[in-house]
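The entries follow in the order in which I made them.

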Amino acid sequence: MTDQTMKFEAETAQLLEIMIHSLYTEKEVFLRELISNASDALDKLRFASLTDKSLAGDGFEGRIHLLPDPAARTLTITDNGIGMTRDEVVANIGTIARSGTRDLLRDLEQTRAKDLPGELIGRFGVGFYSCLMVADRVTLTTRRAGETTATLWEYRGGTEYTLKEGERDNAGTTIVLHLKPADPDDGLPDFTNEWVLRRIVKKYSDFVRYPVVLPVTREEGEGDEKKKVVKDETLNSMKAIWRKKESEVTDEERSEFYKHVARDWADPLVSIHLQAEGRSEFQSLMFIPSNAPFDIYSQSFKRGLQLYVRNVLIMDHCEELLPEYLRFVKGVVDASDLPLNISRETLQNNRQLTAIRGALVKKILHELQKLKDKDEEKYLTFWQAFGAVLKEGLHAEPADKDRLVPLLLFASSNDKEKLTSLAQYRSRMKEGQEFIYYLSGESREVVEHSPHMEALRAKDYEVLFFIDPIDEFMVAGLDAFDGKELKSIGKGDVELAGEDEKKTLEERSLQFKDCLAALQKVLDEHVSEVRLSSRLTSSPACMVGSEGYLSPHIERLMKQSRLSMPPQKRVMELNPDHPVIVRIKERFDAGLSDEELGDTARLLHGQALLAESSPLPDPAGFARLVASLMK
Ligand code: ADP
């Protein structure tokens, strides 16, 4: 095998720079990251050897060894896990895997942030690279299980790394860190010191399921018999924290366990213990993160809880345990009654698993409801991070609807800052108000100034603002709340007028009949009908869609994502009391030329589109029309 010098991709090199110069004070977390990687590699080998017994060999025992060398100032971390091939080293260690990392780096570049808080560092998914906070030279020797050759990867700072053939007797990975000088004030204790290592492993990795072993030197015997003996000691208890009672686990232990399973650097927002007995017996410890991962909307997002059966890890990302709309939940489930040889295929029809899933969903939604009722601020943090994901549930899992609806929050015309629940909206509904009204659009600004708001404002009716792209789809699963139907005020059949008003409108529509028909004819390509309306008070015209019509907001989103759209025509509604409309009617009755009628219709239409922030069919033509008005 040839020696190679390889260049890191620009973004990876930038990330390395950030780690090397990091002012992050808890530099010791690098050990948590390397131990987590080693523990993952051991799990992978265990899984792989289920189908290929030759990979691990008989009596295989997974171990993670720490070997400090105070004289050489190195710390070596060795595992006998799955290891990596040369190509895997290039792919896993030479590049940044996590999607979104590039975008975040670009943002940072702009803000020129150097001193990154830990939470942010964690979101890069830096894992392995975090060792550059404590070491200026790193070598990694690895041999993939089932292969005969090993690879040696080396990094000595800068933007390049080297690859050579390495030496290893067995499969696994050895990482040698050439430590920076100890500087306890700068978060750099002496990482070759036994007591430092003991403390760090206990703090961050106590629950790791494989022994983390350190050779310890002790004096034994008395007087002349005294001699130094080196013994391997396991530093972690390996206890399954989810099997303990909730009261027996400290917040700190929970938090560190979360960081291990979720690969996050920030504390979790919510921890959920669930120990079920009876028909399906299982223990679970779940977490809701404080921040949304970058890739939560990406296809490659890895969702699912870890599944254990009687304390043995069976699957790392068991998707079947939770519905997709709860994909932000991290943690473990340890089931007593599932067969140890359960596979992806057999999981799907397993009744025990269905029962566990039901219990988990119920518990998570219950805990969220509790949070919403008791700690508004924390719930808002949750909502901002994951509200949009949770809303997917209304559409996707109708069976959970009754538990989901009370968790929803919306922007509303009632308050500029505060979000509202449907129950709060309901309690503020006016005498005689029959519907829960909402308006969709791309931002609060746009919906707030929409002409559609005028009549509702005049009646002092509250309107919910659906300004999240998912909201429109969500409504499909949410037609009513507490006996009141939800109605879009951007659609055709909003009845706000009383009987008298309606009658007057009908009479006036008769007077306007010819004028409306003539305007429609000019606009036929875009508009299905031109009619009078009682929904406007200060604007001359607005556009409305019929039931089932996609809002212009969604239409734009679909076009952006190149989804094909059937051509949609909408209705243009006119306000017969507006001076502009009154004047158009007078001019029409007095006799308008075709050209004048055309210009008038196009101006009216363009103006109505602009009022709702929709693009114009012919912006240049519209600009000319406006300019001619200014002559
Ligand atoms: P993450 O663990 O978040 O994926 P890392 O930078 O820590 O990110 O590691 C990148 C990848 O390198 C891992 O996903 C794994 O495939 C591989 N890797 C890291 N450490 C080891 C190890 N000790 N043994 C085998 N593979 C490893």
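What distance separates the centres of domain 3 and domain 4, taken over C-alpha atoms? I found that the two centres are 29 Å apart. I note at the outset that the model is a predicted one.

**Entry 1: the domains.** I looked up how the chain is divided, and the bounds are 4-234 for domain 1, 241-380 for domain 2, 387-488 for domain 3 and 499-545 + 568-629 for domain 4.

**Entry 2: domain 3 against domain 4.** I then turned to the contacts between these two domains. Ten residues of domain 3 touch 14 residues of domain 4. The size of an interface is often given as the accessible area lost when the parts come together. Which three residues supply more than any other three of the area that domain 3 buries against domain 4? I recorded Pro451, His452 and Glu454, which supply 65% of that area.

**Entry 3: the ligand.** I listed the surroundings of the ligand next. There are 13 residues around the ligand, and the closest are Asn37, Asp79, Asn92, Phe128 and Arg263. By class, I noted five nonpolar, four polar and four charged residues in this shell.

- Aspartate 79 has a polar side-chain atom 2.9 Å from a nitrogen atom of the ligand.
- Asparagine 92 has a side-chain N or O atom 3.2 Å from an oxygen atom of the ligand.
- Threonine 173 has a polar side-chain atom 3.2 Å from a nitrogen atom of the ligand.

On its own, the ligand has 530 Å² of accessible area, and the protein covers 80% of it. The largest share, three residues, comes from α2.

**Entry 4: glutamate 392.** I located glutamate 392 in helix α10, which spans residues 376-396. Its side chain makes a polar contact with the side chain of arginine 327, at 2.9 Å. Beyond its neighbours within four places in sequence, glutamate 392 is in contact with Tyr297, Tyr325, Arg327 and Ile470.

**Entry 5: leucine 603.** Where is leucine 603 placed? I found leucine 603 in helix α19, residues 594-611. Not counting residues up to four places away in sequence, leucine 603 touches Phe622, Leu625, Val626 and Leu629. I also looked up its separation from glutamate 165, which is 438 residues in sequence and 74 Å in space, C-alpha to C-alpha.

Key:
Residues are numbered from 1 along each chain as its sequence is written. This is a predicted model: local features need pLDDT of at least 70, side-chain atom pairs count only at pLDDT 80 or more; totals for chains, interfaces and linings use all residues. Side-chain values use heavy atoms; hydrogens and water are left out. A residue is near a molecule or strand if one of its heavy atoms lies within 4 Å of it. A polar contact is a pair of N or O atoms within 3.5 Å; within protein, one must be able to donate a hydrogen and the other to accept it, and residues adjacent in sequence count only if both atoms are side-chain atoms. Accessible areas come from the Shrake-Rupley method with a 1.4 Å probe; for residues, only the protein chains shown count as cover. Helices (H or I, at least four residues) and strands (E, at least two) are DSSP runs, numbered from the N terminus. Ala, Val, Leu, Ile, Met, Phe, Trp, Tyr, Cys and Pro count as nonpolar, Asp, Glu, Lys and Arg as charged, and the others, Gly among them, as polar. Domain bounds come from an automatic or database domain assignment. Contact means heavy atoms within 4.5 Å. Buried area is the accessible area (1.4 Å probe) that two parts lose on being put together, summed over both.
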